[in-house]
Amino acid sequence: MKTVNGQEIIQLFESWSPKKLACMENDPIGLAIGTLNKPVRKVLVTLDVNEEVADEAIAQGCELIIAHHPPIFRRLSNIRTDNPAGRLYEKLIKNDIAVYAAHTNLDVAEDGVNDLLADALQLENRFILEETYAENMLKLAVFIPTANATDLREALAKAGAGRIGDYEACSYTTMGEGRFRPLEGANPHVGAIGELHVEEEVKIEVVFPESVKNRVLKAMLNAHPYEEPAYDLIRLDQQTNVMGLGRVGFLPQEMTLHEFTQFVKKQLDVPAVRVVGDLQSKVKKVALVGGDGNKYIYSAKRAGADVFLTGDMYFHTAQDAQAIGLQIVDPGHHVEKVMIAGVAKKMTRMCEDKKYSVEFVQSTIHTEPFLFV
Ligand SMILES: [Zn+2]
């Protein structure tokens, strides 16, 4: 096991929940306070950062906090230590505690907040409620002497090219002839300076997502024997790695809306929920968005959900949902606390695999401001 710095921990975190998945304009994700350029042995995972959470981090000896809700959400015009926010920042900085926020990127990520909520509700046969991210597919066609084709195909597959669904190392090869005349100053693999050379070559075609483009091109250039490899790189009208916000899935068994509310209270550990709909109606297909899902009532309706579970439902949105015949269960925004255990467990596993010596502590501070009376 080796001691690592904050940067290495966050790199690992972002391999799971990259910033590019964020789906809110100017979502203030990433390092918010302090530095990652220091050894980190203990990380506190929390939904929110307030003074009590900062005290918890100090008491636990954590050098880093990973939070879902960014501690600096709006542009600051001052850092006055005579108000609560300024006091919080002062405390964190004076105690050398860094804060890193993963907000809507963690909502979208696989095994992120929305998947964790869907897990808690035991939803099966899940799909994404609203697609927010996809990668373009690229195609590489490269021309290479027949003798070098096998090595190149292997190098391309190793770099992540040619993965299609449940298949890997997919490629297509056609045979042909390459012609070239090396000029003065060239150092040709085959052929002589000033003479037109004909070489038996093959064309190898592979597809891959844009995110591995640099890796694939580098592998191709390394495996190619020519000084000036000839290749085409083409952008396809095809997408892959589609991800998005919210989940839709099916309850293990049909239940009444009333039974569902009781199930939600138990599974998400909340004392009460607000409901729109007919408590005696049957529900099985559930759409959910952690946090504030007001914008997604029409997506939930289009997805054919029997009920839409989301927090922070506004009065008028609830009326709109009622008007389009969409049932709502609002368990409050605080159910996103499922991310505390979810992130801590997943990061513990990922760090163990990497032999990183770091402990993830789950915050026990209750940051729900509402009382139910
Ligand atoms: Zn939230």
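Trainee: How far apart do the C-alpha centres of domain 2 and domain 3 lie?

Mentor: They lie 48 Å apart. The assignment, automatic or from a database, gives domain 2 as 113-132 + 244-335 and domain 3 as 134-241. Mind that this is a predicted model, where local features need pLDDT of at least 70, side-chain atom pairs count only at pLDDT 80 or more, and totals for chains, interfaces and linings use all residues. Residues are numbered from 1 along each chain as its sequence is written.

Trainee: What makes β8 and β11 edge strands?

Mentor: Look at the order in the open sheet of eight strands: β8-β9-β7-β10-β12-β13-β14-β11, with mixed pairing. β8 (172-180) and β11 (274-276) each have a single partner strand, so one side of each is left without a neighbour in the sheet. Strands (E, at least two residues) and helices (H or I, at least four) are DSSP runs, numbered from the N terminus.

Trainee: How do you know that β7 and β9 pair?

Mentor: Pairing takes at least two bridges found by DSSP. Strand β7 (residues 124-145) and strand β9 (residues 197-209) are joined by nine bridges, so they pair by that definition. They run antiparallel, and Leu-140 stands opposite Val-206 in β9.

Trainee: Why is α6 called roughly antiparallel to α7?

Mentor: Angles run from 0 to 180 degrees between N-to-C directions, with axes fitted to C-alpha atoms, for helices over the stretch in contact. Under 35 degrees is roughly parallel, over 145 roughly antiparallel, 65 to 115 roughly perpendicular, and the rest oblique. The axes of helix α6 (residues 149-158) and α7 cross at roughly 160 degrees and come within 9 Å, which makes α6 roughly antiparallel to α7.

Trainee: Which residues of α6 and α7 meet there?

Mentor: Contact means C-beta atoms, placed from the backbone, within 7 Å. Among them, Leu-152 and Ala-155 are on the α6 side, with Val-216 and Met-220 on the α7 side. By class, the contact has seven nonpolar, one polar and two charged residues. Here Ala, Val, Leu, Ile, Met, Phe, Trp, Tyr, Cys and Pro count as nonpolar, Asp, Glu, Lys and Arg as charged, and the others, Gly among them, as polar.

Trainee: And why is α5 called roughly perpendicular to α11?

Mentor: Helix α5 (residues 113-120) and helix α11 (residues 338-353) pack at about 105 degrees, their axes 9 Å apart. That falls in the perpendicular range, so α5 is roughly perpendicular to α11. Their contact has six nonpolar, one polar and no charged residues.

How values were computed: Two residues are in contact if their C-beta atoms, placed from the backbone, lie within 7 Å.
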